[in-house]
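I opened the model today and kept short notes. Here they are, in the order of looking.

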Amino acid sequence: KTTKKLPTLLAARKWVRVNKQGEANVAQADKHLRHHLQQALGVQLRDLRILDPALATSYPSAILVREKALVVNLEHIKCVISTSSVYVLNADDENVIAFIEELQRRLVLVAAVQAPVLDGISGQTNGHLDLQKPEALHPHDEMPFELRVLEIALDVVCSQMERQTGDLEAAAHPALDGLTQRVTTQNLERVRRIKNRMVRLTTKVETIREVLEKFLDDDSDMKDMNLTAKEEEAAERASNLSLQRQSYGLDRPSFKRKSGGAEQLPDGSELGPVDTDSDSDSEVDEVEMVLEAYFMQLDNTYNKLQTLCEYIDDTEDYINIELDSQRNQLIRIDLLLTAATFCASIISVVTGIFGMNLNNTHEDSYTAFIATSAITSGGAVVVFISIVMYCRHKKLLSFV
Amino acid sequence: KTTKKLPTLLAARKWVRVNKQGEANVAQADKHLRHHLQQALGVQLRDLRILDPALATSYPSAILVREKALVVNLEHIKCVISTSSVYVLNADDENVIAFIEELQRRLVLVAAVQAPVLDGISGQTNGHLDLQKPEALHPHDEMPFELRVLEIALDVVCSQMERQTGDLEAAAHPALDGLTQRVTTQNLERVRRIKNRMVRLTTKVETIREVLEKFLDDDSDMKDMNLTAKEEEAAERASNLSLQRQSYGLDRPSFKRKSGGAEQLPDGSELGPVDTDSDSDSEVDEVEMVLEAYFMQLDNTYNKLQTLCEYIDDTEDYINIELDSQRNQLIRIDLLLTAATFCASIISVVTGIFGMNLNNTHEDSYTAFIATSAITSGGAVVVFISIVMYCRHKKLLSFV
Amino acid sequence: KTTKKLPTLLAARKWVRVNKQGEANVAQADKHLRHHLQQALGVQLRDLRILDPALATSYPSAILVREKALVVNLEHIKCVISTSSVYVLNADDENVIAFIEELQRRLVLVAAVQAPVLDGISGQTNGHLDLQKPEALHPHDEMPFELRVLEIALDVVCSQMERQTGDLEAAAHPALDGLTQRVTTQNLERVRRIKNRMVRLTTKVETIREVLEKFLDDDSDMKDMNLTAKEEEAAERASNLSLQRQSYGLDRPSFKRKSGGAEQLPDGSELGPVDTDSDSDSEVDEVEMVLEAYFMQLDNTYNKLQTLCEYIDDTEDYINIELDSQRNQLIRIDLLLTAATFCASIISVVTGIFGMNLNNTHEDSYTAFIATSAITSGGAVVVFISIVMYCRHKKLLSFV
Amino acid sequence: KTTKKLPTLLAARKWVRVNKQGEANVAQADKHLRHHLQQALGVQLRDLRILDPALATSYPSAILVREKALVVNLEHIKCVISTSSVYVLNADDENVIAFIEELQRRLVLVAAVQAPVLDGISGQTNGHLDLQKPEALHPHDEMPFELRVLEIALDVVCSQMERQTGDLEAAAHPALDGLTQRVTTQNLERVRRIKNRMVRLTTKVETIREVLEKFLDDDSDMKDMNLTAKEEEAAERASNLSLQRQSYGLDRPSFKRKSGGAEQLPDGSELGPVDTDSDSDSEVDEVEMVLEAYFMQLDNTYNKLQTLCEYIDDTEDYINIELDSQRNQLIRIDLLLTAATFCASIISVVTGIFGMNLNNTHEDSYTAFIATSAITSGGAVVVFISIVMYCRHKKLLSFV
Amino acid sequence: KTTKKLPTLLAARKWVRVNKQGEANVAQADKHLRHHLQQALGVQLRDLRILDPALATSYPSAILVREKALVVNLEHIKCVISTSSVYVLNADDENVIAFIEELQRRLVLVAAVQAPVLDGISGQTNGHLDLQKPEALHPHDEMPFELRVLEIALDVVCSQMERQTGDLEAAAHPALDGLTQRVTTQNLERVRRIKNRMVRLTTKVETIREVLEKFLDDDSDMKDMNLTAKEEEAAERASNLSLQRQSYGLDRPSFKRKSGGAEQLPDGSELGPVDTDSDSDSEVDEVEMVLEAYFMQLDNTYNKLQTLCEYIDDTEDYINIELDSQRNQLIRIDLLLTAATFCASIISVVTGIFGMNLNNTHEDSYTAFIATSAITSGGAVVVFISIVMYCRHKKLLSFV
């Protein structure tokens, strides 16, 4: 369906392949790579589309589990992880280069540690469930390659999210304090921009958090993620089946059942304790512990963003009440001044009346001058005091 | 029950039938079509009602899985998909014609690709689970017809949703910037109309998203969606049952059980690895991958709409605070002017008193003129300054 | 416990019994009816309480599944449905009479259609799952009576809800437009009343929607709803058990198990393909399709109400911003007028000073008159322009 | 751990024990009671803590199912219910006394009814599932004692909640109407107090509702609640096991499994239809019907509170818009008055100018007097009309 | 991966080890401790990271269940609990010292009580499920060590949360009352700080509550938490398996299945009532009762915080309406004063006109003086009354 669009995509983008030993080489983005991903790893063109940076805005973070590969799209890190190597897309990006370097550094470290372990007898078992399977020496005592790469990718992305959240918090508090101090258009614009960043960051964190949560909620999905274990199990099962067919005679019915997604093989009790079940548990545990740790980190980042969001909202509420309260106080003083002006205008009216060029019959009376001035002024003061008293009575001036 | 209403519906609307080769022909909306849908495909009149454009406002987007058909109602695309052909309703609509053309284009393309594949030996297996079933050459290596049509319908609708969201975003930002610049009735009305469009679009996207999520959450529903696989399985089961009845003697109990909705057939281990279970997994996987891709796209569209919604809300909050803050500043200046007017009126009062046609005994004194003017003006200025100082003390004028 | 209260209830209310042929007759609300409901249908007094119109405010919509009856309380429709007849309560109500008439009309129609079908060989199978059970001719090819009645009740109630929502929408838009045009107490009161109606209607729709959703989420509950199928199955099981006891010798263990609530009977494979499982699927499907259709309708009604609710909220936000913005403009003009008044008062002050009956030494100078007038007026204009410039500088008058 | 704290608690509080016949006697709160609760009923000290009225604020409503007792803490009703008697705590409280009296009244009633039933042959079977177990005459045809007591407790508490909600509604409507009429501090305070009561009541109702919902969601929890059935089953199982051990030879494996929490016993089909499964269903049904009825009542009460809450919120929104709208109208009139005052001050200015004691050269001209007066007044009116027209043009005065 | 970071962490922090007898000694934070935690207890470096106080802000409260240890991070309490001892981190902190002391006090108490019990024959069975296992004398009649420590940790943390909530409530009410009385910047700041504390405390409580809820929702997780039982079961299983292998001949198939996470062993009924299932139930019950009690306490604390939050929100709404209402009243009085001032200015205008030094032809008329004064004043009063009447008519002054 999208056959015409994708080859150009694959050709245009730079892929880097990193193997178990941490060696990186630029992968040729030709038909062979595409064929390899599709045929050998079970990654469909449809899956590769989510990695296309040209469509980056269309696809949120996601981890897809395919037959023999994990397709990982975590923010800027876009890669396809198989059990033996990882293909990283868009390798020109600065962040991606940093990720590849970190990947190489850690893989070299692990390879160095593992070498002697695999030489001699593994002195360092992982301690998990070894009670139940003391006789089996599992070759995947160390975390499988695909989980290790996934962990590094998660680590890089989660740390970045946490750093960005920290930056945001560091920017938000002075901006909010500034706004609380003085509501200006610039301060408002600044807070608004921070809020915008916060919303976008929250969406990102939430998306990755939900991706991890979904895996953590479903044991069978986590088990599928452990590609190495899946491969081993398939091999084991194949050999088991042939064994079984030999040992089970025609008169023994075999029971296969599946409950809740956990697959269970028929196990003849006389064939030794194959005990696939607890094996499967340990496989899931490996994945669970990786995802759980980063889920917790993201959850914490998410909580921080939520707290910041509530802090901004509270500050806005606070500013609203503050502005409202200030306005009331301004209006209160305005009211007093209006009242005073009104009282002055009462005097003006009286003086105006006596100022008219009409015969008021007291033109020469100084007593009248004094009396009029005094009475009017006194009256005005009384009126003013009455207004203030009335307002106080109505509890409208209690604050001044 | 609704027998009288429906025939008219079917008659009045134009149906177009498109087959596997992409050939389209107008279907006669008569009794035969209705009978065919009902009897052969298991689509009830009740199901057809959701496609009725006359009732379009009553029925939100939905995908119904019936015995041998999918009833799809995704926005303007209303069709019934069987394993061999698709009946598209309301074919006069411009959008629907575009959908039919796209459908034909892609089906012709696939038919062309598939022809040689089916001729020779399939060189391109789908790579899924072929480890577990290397001996079985499945004829449905390519995606079944009904899923292909469903994918095209989802693609068309999801792209449309995404385009509409993009348009909305493109319209929202200048409108909001305009509103931020200048709160006018026109700008408000513009934002309000955008908000309305957004709410309606969000509801649409949410509905389709929930439809897909519901299917993704239930493996057995997804399996039912794979009509081709269901048919094949039924055929296989039929032949299996007869085989079983032959091989199982009377003294062998057969176990049939169902756990969690996944049906499992008794399989005598000696009868060859029928392995319905992993088959069923691959069937579900096919459906899951189609739905998952479009669910992710819709989820992203939904996230964008949510972000836009939060952006609009934040802008409104911003405008509210901005308006409040401006109002306070206006009132502040108003307060100063009122104070100044009051001070002027103090002078007016004094001048008014001396302007009265009453004997003030200093009519001829220039000193009195100067003194009165100066003292009163000075007094007024002092009063004004006192008021400003008081307000500053109360932190009411810090901004000016 | 409630023995004393209920007989009066049953006596006081009018019950109408409608049978399969659509014949209605008033049921005697005496001990016999009560005894019949309780003993034969498994409906407890406790269940009848939810139908009591006197307590109508206490009980929201509900559908209870009892041993041999469905107790339905959907808004005004309160009835007890058994497999052969339906008892409708409160038959004096106008709406209920309409429901009973609709019920009769449809039942007569179905009875007429079914009669010939049952005479000859059923030419019209329901097409469901007939692949898996070609040999079994089920007598309930048509929908069982209780589901048909339930469907009619749901249809009546859902249509009413939809109509009420439509009415509400039709009333809301002019009211909101009116409010947008002019915020008056009457318009506010009108919108408020609409909002109230909306909240109440939303609660009703939500309750019924949740009732249906709960059933749709639980297959075993839906299966219980199919009373006819339950009866048949019980009969079949009884006969099966006796058969089994005969055929199973002492040396054959029987397996009974239950997973996820779906009950499964032991079926000896040699006893013919009783295949209770797929049967049970088809029983559930019948119920599911009925509920699903009305759930979708209610969901749509609910979405409409939600959209309306958001529309009202947006309008309120809009009005709030509009009012705020208008207020700012009013205050802005007020500010200008206050500034102008202040400037006028500056002139008044000067003229007042020269108007005092004191010796200003220029009483006879026309030049002084012109100069004073001109300078003062000019000064006032300069002050006014300064104030306006200051406000413009502070972006407070950009709108005027 | 809490051994020191609890004896004092037990000693200090008055316990009343009510038995099946409704006889109440004060229980000695000594070591024996404590020992009895702990050893015979499986109630731990930890469980008793939730009943401690001294800690009442620490523990919300809860129903704990213990080995042989239900620990019930529903608002003021705190009791421990065993299969034969109920221990009610805090028996000095007025509400609790009312509860105990109600309890006695009903228990006596039931005891009276049951006596003859148990004498003769039970003519009144409960009608549940009797199809499937016609041969078994169950001794618990009537609801077990513990469920009866639980029902009475729930009835008392739910009725109280409903009554309080009714009271609140009755108080809220006049308060809100008062506030709508006139926003005063007293009215605001009144509404606020009602809101507070509502929040507290909602929390209470929600807690009990959630407790019931949790039980209704989990069949195995409900089954555990039926203590009588649990006891009987244990007894039955014990006898069954011995039977089984006899009948099952060494060559017959027994199957015990548990899926989804429902326990299922191995039942040899030849040992008669013990059919524990449907039994277990009927046990759960008894509990479910009791809880369901009160869940519905609480759900309705909760809905009422939610509706009231939304009503209060809507009223607040309404008041906000009303206040805003009124304010705009006040400011509008204020604006007109300010404009008029400004126009008056224009005239004052002109009259002031001509009022100056300076030579205006027209002192004796009556024409000048008329002309000045007329022109100035006319000008002022023109200015006023212009201002009004401008505001009308800006749609700022359309309302007046 | 983090190998370089962690040893320094372990070295830098003080660990205290407390054993079953309550004896505490400082653990050497060297390679041995790390090795012990990792190898013997199955605690990975990754798990220890969540305890690192340096990263405390990165990790919210959590309880991790590892192979043989619980990793507990509850606020300030950070410890690793095994079946025989507990390692407490960061032992210099004051709160942590208090926790260790409490831990020692209680452990000593229990040790003292348990000693005689273990000496003689356990006279005090836990009463749980002893009906079903009367023959088995379980050695873990008392709560296992790890659960006891977990309970103490939960007790300490939950009590602290409750105390902090109480403090917050005690601080919030006067602050809110103060704000209601008088909206000042200080009061606003005070409420804002309380709100901030509340948000942070709510997040903390919510996190721990969710941790407990998650365990309570998953029986298998709770079972894993009972480390002692897990150990015993493993031992038992081991011995069982060998027994089984002996007793089961080649002709007996063994069934192993797992449904819903609960593991179930094959149990030959003739091998004695091992009855792992009810055992497993009792193990889960022990954990459940511990978690349930503290979940209830936290839930109550959470409810209190929610109620407080709603109380603060309501108060803010109240203050907003109060401020708005006051403002309207202020503006109303302002309006009256403006109206009065306008009326005064009408008189001023008239008096001004007659005050002009122009010939008004009535200079000597006292009648004119009286008439002008009276008519103008009368007119002004009429205008004022008209304005007031108009406002009253418009319901704008109904409140004054």
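I began in chain D, where D:Lys395 sits in the segment after α10 (366–393). Helices (H or I, at least four residues) and strands (E, at least two) are DSSP runs, numbered from the N terminus. I am working on a predicted model, in which local features need pLDDT of at least 70, side-chain atom pairs count only at pLDDT 80 or more, and totals for chains, interfaces and linings use all residues. Residues are numbered from 1 along each chain as its sequence is written, chains are lettered from A and ligands numbered from 1 in the order in which they are written, and side-chain values use heavy atoms, with hydrogens and water left out.

I looked up the backbone of D:Lys395 and found phi near 60°, a positive value in a residue other than glycine. Most residues other than glycine have a negative phi. D:Lys395 counts as exposed, at 59% relative accessibility. The cut-offs I use: buried is under 20% relative accessible area, exposed over 50%, partly exposed in between (1.4 Å probe, protein chains only).

I then turned to chain C for another case. C:Glu75 is not a glycine, yet its phi is positive, about 50°. I place C:Glu75 in the loop between β4 (69–74) and β5 (77–81) of chain C.

**Helix α2 of chain D**

Which residues of α2 (residues 31–40) in chain D are buried? I list D:Leu33, D:Arg34, D:Leu37 and D:Gln38. Seen down the axis of α2(D), these buried residues fall within an arc of 125°, so they line one face of the helix. The arc is that of the directions from the helix axis to the C-beta atoms. An α-helix has 3.6 residues a turn, so residues three or four places apart point the same way. On the other side of α2(D), I find D:Lys31 and D:His32 exposed. Just after α2(D), D:Gly42 has a positive phi of about 75°.

**Single residues**

I checked D:Ser85, in strand β6 (residues 85–89) of chain D. D:Ser85 is buried, with a relative accessible area of 3%. Not counting residues up to four places away in sequence, D:Ser85 touches D:Arg17, D:Val18, D:Asn19, D:Val80 and D:Phe145. Contact here means heavy atoms within 4.5 Å.

C:Asp314 lies in helix α9 (residues 276–355) of chain C. C:Asp314 is buried, at 13% relative accessible area. What does C:Asp314 touch, not counting residues up to four places away in sequence? I find B:Lys195 and B:Val199.

**Chain A and A:Ile97**

I count ten helices and eight strands in chain A. Chain A has 400 residues, and 56% of them count as buried. A:Ile97 is in helix α4 (residues 94–119) of chain A. A:Ile97 is partly exposed, with a relative accessible area of 35%. A:Ile97 touches A:Ala91 and A:Asp92, not counting residues up to four places away in sequence.

**A helix pair in chain E**

Last, I looked at α5 (residues 145–181) and α6 (residues 185–217) of chain E, which pack at an angle of about 155° with their axes 10 Å apart. Axes are lines fitted to C-alpha atoms, for helices over the stretch in contact, and angles run from 0 to 180 degrees between N-to-C directions.
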